[in-house]
Amino acid sequence: MSSFNQMPTPSLDPDSIDSIETTDTIVAISTPPGRGGIGIVRLAGPEALNIAAQLLRLTSPLEHAHARFTGVLDPTNPTKNIDDAIVTAFLRPHSYTGDDLVEIAAHGSPVVLEAIVRSALTLGARLATPGEFTQRAFLSGRLDLTQAEAVHDLIAAQTLDQARVAAQQLGGAISRRVAPAKGSLLHLIALLEAGMDFASGELDDVDIVPPAQIAREIAEVRTPLAQLAASFRRGQLLRSGASLALVGRPNAGKSSLFNRLLDRDRAIVTPVPGTTRDTVEESLALGGIPLRLIDTAGLRLESDQHIDEAEQQGIARSHEALADADLVLLIVDVTQPSETLNLAATLAGRGYLLVHNKIDLLPTQTPFISTLSTPSTAVISTGGEAPTSVISTLSTPSTAVISTGGEAPTSVISTLSIPSTAVISTEVERPLYSSFARPGTTPIPTSALTGQGIDTLRAAILQALQAEGALADAGALNNLRQQQAVTATLTALDAAHSANAAGLPHELVLLDLHTALRALDSLTGATTPDDILSLIFSTFCIGK
């Protein structure tokens, strides 16, 4: 391991952002650790150009936004080069950080990059703290706080939709969405301030603002902010994703279904019940949402005996995964319907999907009725002639699809009391399984072996997470800090509305309006406390 990787990492002082000296020249490797085709060392600060000139074999001063091919000087023998590099300078104030910035793109050798950084340190630079380059961009006004957060989100994006949303936020989508509301709030505050000056005799050409107008303008400010607050759940889901736990009896096909959802063999599958002894986790992108899929050890019935210690520990971890998951997939082996788990208390009030697996093992001649999620459709299959007794139980308001494996007898059709259309299919298909559904829960029939029903299951997962449609809405809130700022603004606006409705003096209404303004400004970082800023930027990687 390189000694440079063992050097102490500077940390931000959580008590004050003033601990960061923006007049210092900072240096860091901006590319990920390890070897690669390209490695970038970044310098920023008042001495960045001077230090770069002593690190490189330059024949003339660096120019703004002009890339130049040059040599990297050997720190032990400056007459020789240790590498070739492309160097680009961005002069203040037209740089990412707002001050002079130099990027040296050499080959991605850790030894060479370390030598460049060490040489820069001896020439007066200091190691950058995590996120300090972006922090300087924020402090210089190049980015607001939501844009700075978007830099981190863009780097950490796991799906294309996440990257799209981060790029929108980096472009100022949230700031643009908030700007009209802030403008209206400032206008209302100015009106009330002017009215108070008039009342005190300082102005003679301003009318006192009536309560009805104050209430109307507060509502105009509040409406778009309430819509913005409502975007938080979907924005957070896209940013943070969700966890899904597959639980059920041993040999219910959990691991097979786990592999089928991933489209690869990740978990070990054998015919022996209890093969999975521990939780197995894997990432999956579904509909642009990053999901953490968790395969669990099979849960036993109370009547089960001879459970060894390893399996007991696995079952305990299954219950932990069940408790922590955002959504539970309860897997049932349809060939063993009597082996049901008593999870009513655990799943009470929880989001879960009931999945009936192994439908490929059902006999094709078994009559059944499958209730679909669409209330206007019933699917009937018998694998043969459809008995009148089965058909007569239908009360479908729109469409019935009948599969008989042959001609549908006229007597059957005549018994249907369907006011619209009957579509007859003579193809024999393997029947779906729909028995043993919990009250209010429609089971999803699947076969991990054949893949039947997997697309339906994926769609049901997105529906259960309320992630249907486009989540990449421009300007959606996506972290708790943003949501708290908007919520605090709405709370203060409600307090101002109540004070105005109660006929309290305008001075008291203004107190609440100024509180709302400060809370709204904290969203973009105009009035964010130093310790919050330090916490935000400390989550960044060094060199960004």
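Ground rules. I number residues from 1 along each chain as its sequence is written, and for this predicted model I take local features only at pLDDT of at least 70 and side-chain atom pairs only at pLDDT 80 or more, while totals for chains, interfaces and linings use all residues. Side-chain values use heavy atoms, with hydrogens and water left out.

Entry: the sheet. I took helices (H or I, at least four residues) and strands (E, at least two) as DSSP runs numbered from the N terminus. I looked up the strand order and found an open sheet of six strands, 8-9-7-10-11-16, with mixed pairing (two strands pair if DSSP finds at least two bridges between them). Strand 8 (280-286) and strand 16 (444-445) are at the edges with a single partner strand each, so one side of each has no neighbour in the sheet. I then checked strand 8 against strand 9 (residues 289-295): they run antiparallel, joined by seven bridges. Leu284 is opposite Leu291 in strand 9.

Entry: helix 7 and helix 16. The axes (lines fitted to C-alpha atoms, for helices over the stretch in contact, with angles from 0 to 180 degrees between N-to-C directions) of helix 7 (residues 211-230) and helix 16 (residues 506-524) come within 13 Å and cross at roughly 20 degrees. The two helices are therefore roughly parallel (angles under 35 degrees). For contact (heavy atoms within 4.5 Å), I noted that Ile214, Ile218, Leu225 and Leu228 in helix 7 meet His506, Val509, Leu513, Leu520 and Leu523 in helix 16.

Methods:
Parallel < 35°, antiparallel > 145°, perpendicular 65-115°, else oblique.
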